[in-house]
Amino acid sequence: MRIVEYLERLCADAGLADPGKVAERLALLKEGAIASAHVRGMPEAAQLAKEMARLLIEDSRARG
C-alpha cells in the first residue's frame, strides 16, 4: 500500500476535513524531513516535521 493511501485512510478514519489533501501534505512532510536530515545533516528535521504535522491535523480538525 502506498504511504499516501495509508495516510488518507487514517485521516478519513480520524474525521479530518479533506483527508486526501491532508495525506499528501503529511507525506510531503515525511519525505522532506528524511531529505533534510540526510542532505543537510539536520537531525532535528523529524521533530520539526512532527510539530508541523500536529498543526496541520489541528487545522484540519477545526475545519472539519
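Predicted model: local features only at pLDDT ≥ 70, side-chain atom pairs only at ≥ 80, totals over all residues.
**Exercise 1. Find how helices α2 and α3 are oriented relative to each other.**

Step 1. Locate the helices. Helix α2 covers residues 19–39, and helix α3 covers residues 45–63.

Step 2. Take the axes. They come within 9 Å and cross at roughly 170 degrees.

Step 3. Apply the cut-off. Angles over 145 degrees count as roughly antiparallel. α2 and α3 are therefore roughly antiparallel.

**Exercise 2. Check the span of α2 against its residue count.**

Step 1. Count. α2 has 21 residues.

Step 2. Work out the expected span. Multiply 1.5 Å by one less than the number of residues. For α2 this should give 30 Å.

Step 3. Compare. The end C-alpha atoms of α2 are 30 Å apart, so the two values agree.

**Exercise 3. Identify the buried residues of α2 and what covers them.**

Step 1. Use the cut-off. Buried means under 20% relative accessible area.

Step 2. Apply it to α2. G20, V22, A23, L26, A27, L29, A33 and S36 are buried.

Step 3. Look for the cover. It includes α1 and α3.

**Exercise 4. Decide whether S60 is buried or exposed, and find what it touches.**

Step 1. S60 belongs to helix α3.

Step 2. Check accessibility. S60 has 3% relative accessibility, so it counts as buried.

Step 3. Find its partners. Leaving out residues up to four places away in sequence, S60 touches L16, A17 and V22.

**Exercise 5. Describe A17 and D18 in the loop between α1 and α2.**

Step 1. A17 sits in the loop between α1 and α2. D18 is found in the loop between α1 (3–13) and α2.

Step 2. Check accessibility. A17, at 26%, counts as partly exposed. D18, at 45%, also counts as partly exposed.

Step 3. Check the backbone of D18. Its phi is near 50 degrees, a positive value in a residue other than glycine.

Step 4. Take a distance from A17. A37 is 20 residues away in sequence, and the C-alpha atoms of A17 and A37 are 30 Å apart.

**Exercise 6. Give the phi of G41, which follows α2.**

Solution. The phi of G41 is positive, near 60 degrees.

Notes:
Residues numbered from 1 in each chain as written. Heavy atoms only, no water. Axes fitted to C-alpha atoms, helices over the stretch in contact; angles between N-to-C directions. Helix = DSSP H or I, 4+ residues; strand = E, 2+ residues; numbered from the N terminus. Parallel < 35°, antiparallel > 145°, perpendicular 65-115°, else oblique. Buried < 20%, exposed > 50% of the residue type's maximum accessible area, 1.4 Å probe, protein only. Contact = heavy atoms within 4.5 Å.
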